Amino acid sequence: MAKDKQFAVIGLGRFGSSVAKTLHQLGYEVLAIDSNEETVQKFADEVTHVAIADTTDANSLKALGIRNFDVVVVAIGEDVQANVLTTLVVKELGVHYIIAKARNELHGKMLEKIGADKIVYPERDMGQRVAHNLVSTNVLDY
Ligand code: ATP
């Protein structure tokens, strides 16, 4: 991916923080957003920019210029309502590519209907990867 791509990651739990840090380590510009001030402060040195914001509030996201980002990752976890509302606001503000984390299939369907471009299920996806790795030739050969 072109190195001038700009990413925003919303929600700095285990998943979101890993996405944000890894993109930054790979040399991309990353804005990391969370509503929790302490969480955001921890990330100040790990990404390009940080912001404290409740992302269910369209005005906060507008003020951050969210529509100028090429990819927005919605990684809010437990609070499904905040996750869905944030995805809706980001979509309405015109972001072209949205990746959203879902807790389960119904949640994923909702995100799809809102217009998220890619839905990820971190636990399910990692479980599948581990299973595939376990039966891949490399592992069976040792
Ligand atoms: P993981 O499994 O990735 O650790 P999780 O499911 O535990 O994630 P949470 O801790 O619920 O996820 O949420 C991730 C982050 O999202 C938290 O740091 C939380 O502060 C942030 N968050 C929750 N609601 C909002 C919101 N409305 N606006 C911005 N950030 C939010």
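## Working around the ligand

In this predicted model, an oxygen atom of the ligand sits 2.9 Å from a polar backbone atom of glutamate 78. On its own, the ligand has 640 Å² of accessible area, and the protein covers 81% of that.

**Exercise 1.** Find out how many residues surround the ligand, and sort them by class.

*Solution.* Start with the count: 17 residues surround the ligand. Among the closest, you'll find Arg14, Phe15, Asp34, Asp54 and Glu78. Last, look at the space itself: what the ligand takes up is the largest pocket.

**Exercise 2.** Work out which atoms of aspartate 34 and threonine 55 come up against the ligand: side chain or backbone?

*Solution.* Take aspartate 34 to begin with. An N or O atom in its side chain is 2.6 Å from an oxygen atom of the ligand. Now go to threonine 55. Here a backbone N or O atom lies 3.1 Å from a nitrogen atom of the ligand.

**Exercise 3.** Track down the salt bridge in the structure, then say how exposed arginine 124 and aspartate 125 are.

*Solution.* Searching the whole structure turns up 1 salt bridge. Arginine 124 forms it with aspartate 125, and their closest N and O atoms are 3.3 Å apart. Arginine 124 has a relative accessible area of 41%, so it's partly exposed. Aspartate 125, at 25%, is partly exposed too.

Key:
Residues numbered from 1 in each chain as written. Predicted model: local features only at pLDDT ≥ 70, side-chain atom pairs only at ≥ 80, totals over all residues. Heavy atoms only, no water. Near = heavy atom within 4 Å. Polar contact = N/O pair within 3.5 Å; in protein donor to acceptor, adjacent residues only side chain to side chain. Areas by Shrake-Rupley, 256 points an atom, 1.4 Å probe, with all protein chains shown as cover. 1 Å grid on protein atoms, 1.4 Å probe; cavity = no way out; pocket = protein on both sides within 12 Å on 5 of 7 lines; lining within 4 Å. Sits in = over half its atoms within 2 Å of the grid points. Nonpolar A, V, L, I, M, F, W, Y, C, P; charged D, E, K, R; others polar. Salt bridge = Lys/Arg side-chain N within 4 Å of Asp/Glu carboxyl O. Buried < 20%, exposed > 50% of the residue type's maximum accessible area, 1.4 Å probe, protein only.
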